[in-house]
Amino acid sequence: MTTGRALLVDHCGQLLTLRGPRRPRVGKEMGQLGLLRNAALLVQEGHITCVGPQSQITGLPEAQGADRIDAGGRVVMPGFVDSHTHALFAGSRVDEYEARIRGATYAGLAKSGGGIQASARRMRGAKEAVLLDHLRRVSARFLEFGTTTVEVKSGYGLEADQELKMLRVIKQAMAQGTLDLVPTLLFHDVPGPWRKKRAAFLAMMIEQVIPLVAREGLAEFCDAFCDRGYFSLSEARQLLTAAKTAGLKLRLHAEQLAHTGSARMAAGLGALSVDHLDHVTRGDVGHLRKAGTIATLLPGSVLYLGSSPYPPARMLMEAGVPVALATNFNPGSCPTQNMQLILSLGCTHMRMTPAETLTAATINGAYAVARGHLVGSLEAGKQADILVMDVADYREIPYYFGMNHCVTVIKKGRIAYDRTRLSRAASFAKDAMTQ
Ligand code: NIG
């Protein structure tokens with residue numbers, strides 16, 4: 001398929017456009033998917049040009065002679081935007097997984113040199129080419145599951161040279177890959193040798209590393225793990241303030257292990273997103289709403305670690321805070337890349353409706369990585385990041401949980417993944433159409 005030729009996606013049983021205001025969706029808007037039945041859309045030069053009823057779109061002159069994907073009555077929707085991941089790491093921590101099954105805790109493992117510090121030791125030993133290959137393979141799997149834009153953090157380097165190594169690998173992957181990556185400089189923990197001189201570590205990061213990262217365009221966002229046992233409120237504030245001065249956008253790991261006041265601190269500094277929020281309180285919510293900060297919820301790590309409450313999605317949504325959902329894919333607290341599973345957790349454990357989870361995982365995720373003007377909805381002018389899901393009703397995406405419903409993934413107008421032949425044998429959409 002060439003970029004010059006138009007692409008027609010037709011016979012969409014339910015086309016979820018997610019059209020709406022040019023800002024994150026709040027309150028009742030989160031339940032509005034802009035659903036069109038028996039619809040089609042047209043793509044030219046990697047962008048969506050027309051969306052509408054089947055008969056209208058197929059009758060357009062540009063549709064004649066276009067390449068065609070027949071969705072066969074299935075659900076068609078925007079690609080998922082995974083707005084919080086630690087997708088670049090050097091090796092799994094499956095030994096810790098088994099240790100936790102046998103009774104160890106995430107905090108206990110971290111205290112004895114495991115956790116983030118273990119990933120940092122492996123990162124130090126990893127060559128850039130190996131890391132790049134990892135990111136390529138991980139990116140292919142994201143696409144298979146329908147994720148077309150992914151935020152990727154550094155954070156397993158800890159030391160300046162290793163953090164920079166991670167960001168350079170992410171930059172190379174961005175230049176080579178199909179997937180859109182959004183790079184974030186993450187202050188994850190203080191490396192061992194600096195434990196007794198935290199102030200000097202912070203000064204070095206603030207005076208040298210943050211300005212260098214901004215100058216070289218190695219990251220778009222800055223993030224810190226502000227929590228009990230990691231960066232304090234005052235340390236995180238110093239890091240974020242320096243990053244803002246250097247021109248980086250802000251996000252923060254906030255209120256995951258304990259309530260620290262980090263979410264309202266970050267909102268006060270203009271962070272685009274505060275992430276996790278397992279321990280966010282009613283008192284924090286007004287600060288987030290006033291600042292327009294997006295609450296990015298990561299129920300995958302709650303499921304996987306089993307030690308925090310699920311974040312209060314309904315409280316946040318009812319207060320008018322825009323909510324996004326992301327995987328938090330990482331080797332320690334959430335080794336899954338499957339956004340569809342995250343939707344199921346949002347529905348079952350956080351009482352979000354299927355429509356609200358879809359909004360959270362597409363358009364609101366896009367705004368959480370400053371890409372709301374480009375992706376997250378299927379509207380004329382937007383990038384053609386489109387999924388064909390093998391269901392006839394969008395609610396079946398979270399309902400049939402833990403599965404991959406994605407059969408075709410279109411990224412910037414090109415087919416990036418296609419499983420249609422395989423799926424014909426076992427199609428839920430087909431079941432519904434023949435009943
Ligand atoms: O988002 N909270 C901090 N960072 C990750 C965990 C990272 C790890 O354990 O490797 C998280 O859960």
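Q: Is Arg 68 buried, exposed or in between, and how is that decided? Which value applies here?
A: Buried means under 20% relative accessible area, exposed means over 50%, and partly exposed lies in between, with a 1.4 Å probe and protein chains only. Arg 68 has a relative accessible area of 48%, so this residue is partly exposed. Asp 10, by contrast, is buried, because its relative accessible area is 2%.

Q: What should I know about the origin of the model and its numbering?
A: This is a predicted model, in which local features need pLDDT of at least 70 and side-chain atom pairs count only at pLDDT 80 or more, while totals for chains, interfaces and linings use all residues. Residues are numbered from 1 along each chain as its sequence is written, and side-chain values use heavy atoms, with hydrogens and water left out.

Q: What joins the side chains of Arg 68 and Asp 10?
A: A salt bridge is a side-chain nitrogen of Lys or Arg within 4 Å of a carboxyl oxygen of Asp or Glu. Arg 68 and Asp 10 form one, with 2.9 Å from N to O. The pair links distant parts of the chain, since Arg 68 is in strand β4 (residues 67-70) and Asp 10 in strand β1 (residues 7-16), 58 residues apart. Helices (H or I, at least four residues) and strands (E, at least two) are DSSP runs, numbered from the N terminus.

Q: Which parts of the chain does the salt bridge of Arg 74 and Asp 390 tie together?
A: The side chains of Arg 74 and Asp 390 meet at 2.9 Å, N to O. Arg 74 lies in the loop between β4 and β5 (75-78), and Asp 390 in the loop between β14 (386-389) and α16 (396-399), so the pair ties together parts that are 316 residues apart in sequence. Both Arg 74 and Asp 390 are buried.

Q: How many salt bridges does a search of the whole structure find?
A: The search finds 26 salt bridges. One of them joins Arg 195 and Asp 189 at 3.1 Å, N to O. Arg 195 is partly exposed at 40% relative accessibility, whereas Asp 189 is buried at 8%. Salt bridges that share partners also join Glu 151, Lys 153, Asp 223, Arg 251 and Asp 275 into one network.

Q: What is Phe 187 in contact with, beyond its neighbours in sequence?
A: Contact means heavy atoms within 4.5 Å. Leaving aside neighbours within four places in sequence, the contacts of Phe 187 include Met 205, Ile 210, Cys 222, Asp 223 and Phe 231. Phe 187 is in strand β8 (residues 180-187), and its relative accessible area of 3% makes it buried.

Q: Which value of phi does Leu 158 have?
A: Leu 158 is not a glycine, yet its phi is positive, at about 65°. This residue is in the loop between β7 (147-153) and α6 (160-176) and counts as buried at 5% relative accessibility. Asn 328 also has a positive phi, near 65°. Its place is in the loop between β13 (323-325) and α13 (339-350), and at 1% relative accessibility Asn 328 counts as buried.

Q: How many helices and strands does the protein chain have?
A: The secondary structure comes to 18 helices and 16 strands. Buried residues make up 60% of the 435 residues in the chain.
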